[in-house]
Amino acid sequence: MARTRYVQVNGQLLEVYSDRTNAMMEAFEDQRVMSEYITRVNAEAPPDLMYHYTDASGLEAILRSGTLWLTDVFRLNDPGEIRYGLDAACAHLAAEGGLRNASEIEKDFVETVCEKLQANVESSANYFVTSCSFERDHADQWKKYGDNGRGYALAFDAGTLERHFMEVAPSNHSTFPISYAAEEMQAMQRAIVGQGLEIVRAVGRHMGRTLLRRISVRLSVNILHCAIFFKAPKWSSEREYRFMMVHRGDIAVPGMKTRRRGDMEVRYCEYDWKTGCAATLREIVLGPQANADFAKRLCAELLLRQPIPIQRSAVSLL
C-alpha cells in the first residue's frame, strides 16, 4: 500500500506527498529528457577548428588578457535567442491550461510558470555563454558579430579548447553545438511541460503553495535549460558551437564582472584559455574590411613565441 506523508506547520496541513509523487519529483529534478539529449550531443565529435568572430577591440582584449568572455545569456546581442525556446514552452503550457477539463490547480500552475518564464526566469539560474562557429568565413557573421566586416575571427583547435574548458570546472562547464531542429525542440519542451503537469495532476486538490512553487521553479529551470540548446532555423547557417558556464540562481556567481553596453549593464565571466592552452589558437582571419596591420602588431607584441597565420577573408560584403 502506498505510504502518505503529511507535512504540517503550526498544525496546518501544507502538502500531501505519496510515494509516487516523491518518485515523480526525483525524476523531474533529474531531467531525463535533457540528459538523453546531452548524451547524444556529447557523442558527436567537434570539427577540427572553430571560429570566434569579434571586432577590433575584442581581438585586442582576447589576445592581451588571454581570456574569452562568457556573457549572461539574457544579455546577448540578440535577446530574442533565448525567448525562442521559452515561448514554445509557454505555448504548450497555455494550451494545457486552456483545456476544458483543466482543474483550477492546473490553471494556477500554468499561470504561475508562464508568469515566471516571462518576468522572472532570469532568477532561476545563471547561464553564461560564449560562441564559436564551424564556419571560417561567413558573410552574415562578419556583418553581425565582426563589426560589419571590419572585425576578425580567431580560429581555435576545437578539441583542445573544448577539453581545456571542461577541465577548468567540470561540474559547471559544458560545450555543445546549437541545434536548429524546431520539431525536436518543440517535442522536448512538450515532454518537459508534460512531466511537470503530471505531478500537479497526481497531487491534485492537495497541492499547497510551497509544492506549487517548487514545481514551478524546477519546471522553469528545465525549460530554460532546454532553450539554451536551440535557435530558430533561420540561423542554421551560423553553425554555432556554444561554451557554457552554469551557476545556481540563488548564489553569487564567482568571478562575475559587469560592463556597459549602451544603457545596459551586462554581466559576464572570463575564461582563461591562454595560460594553459595558448597553442589552441591556430589562425586569425581578417574580415573583408579589417585592418591587417592592426592584427599583425598585436600578434608581434602578444604572441612572440607563437607565430599565428593571418589570412584575409574571401567574402565580399558589397
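Me: What share of the contacts in the protein with a separation of 6 or more is accounted for by residues 24 or more positions apart?

Reply: Contact means heavy atoms within 4.5 Å, and residues 24 or more positions apart account for 84% of the contacts with a separation of 6 or more. This is a predicted model, in which local features need pLDDT of at least 70 and side-chain atom pairs count only at pLDDT 80 or more, while totals for chains, interfaces and linings use all residues. Residues are numbered from 1 along each chain as its sequence is written, and side-chain values use heavy atoms, with hydrogens and water left out.

Me: Which residues touch the most other members of the largest nonpolar core?

Reply: A nonpolar core is a set of buried Ala, Val, Leu, Ile, Met, Phe, Trp, Tyr and Cys residues joined through side-chain atoms within 4.5 Å, where buried means under 20% relative accessible area, exposed over 50%, and partly exposed in between (1.4 Å probe, protein chains only). In this core of 49 residues, the ones touching the most other members are L93, I223 and I228. Its largest share, ten residues, comes from α9. Another core, of 33 residues, lies apart from it and includes W273 and C299.

Me: How are α8 and α9 oriented to each other?

Reply: Axes are lines fitted to C-alpha atoms, for helices over the stretch in contact, and angles run from 0 to 180 degrees between N-to-C directions; under 35 degrees counts as roughly parallel, over 145 as roughly antiparallel, 65 to 115 as roughly perpendicular and the rest as oblique. The axes of α8 and α9 come within 9 Å and cross at roughly 170°, so the two helices are roughly antiparallel. Among the residues making the contact are I192 and I199 of α8 and L219 and I223 of α9.

Me: Where does W69 lie, and is W69 buried or partly exposed?

Reply: W69 belongs to strand β4 (residues 67-72) and is partly exposed because its relative accessible area is 35%. T130 is 61 residues away from W69 in sequence, yet the two are 6.5 Å apart in space, C-alpha to C-alpha.

Notes. Helix = DSSP H or I, 4+ residues; strand = E, 2+ residues; numbered from the N terminus.
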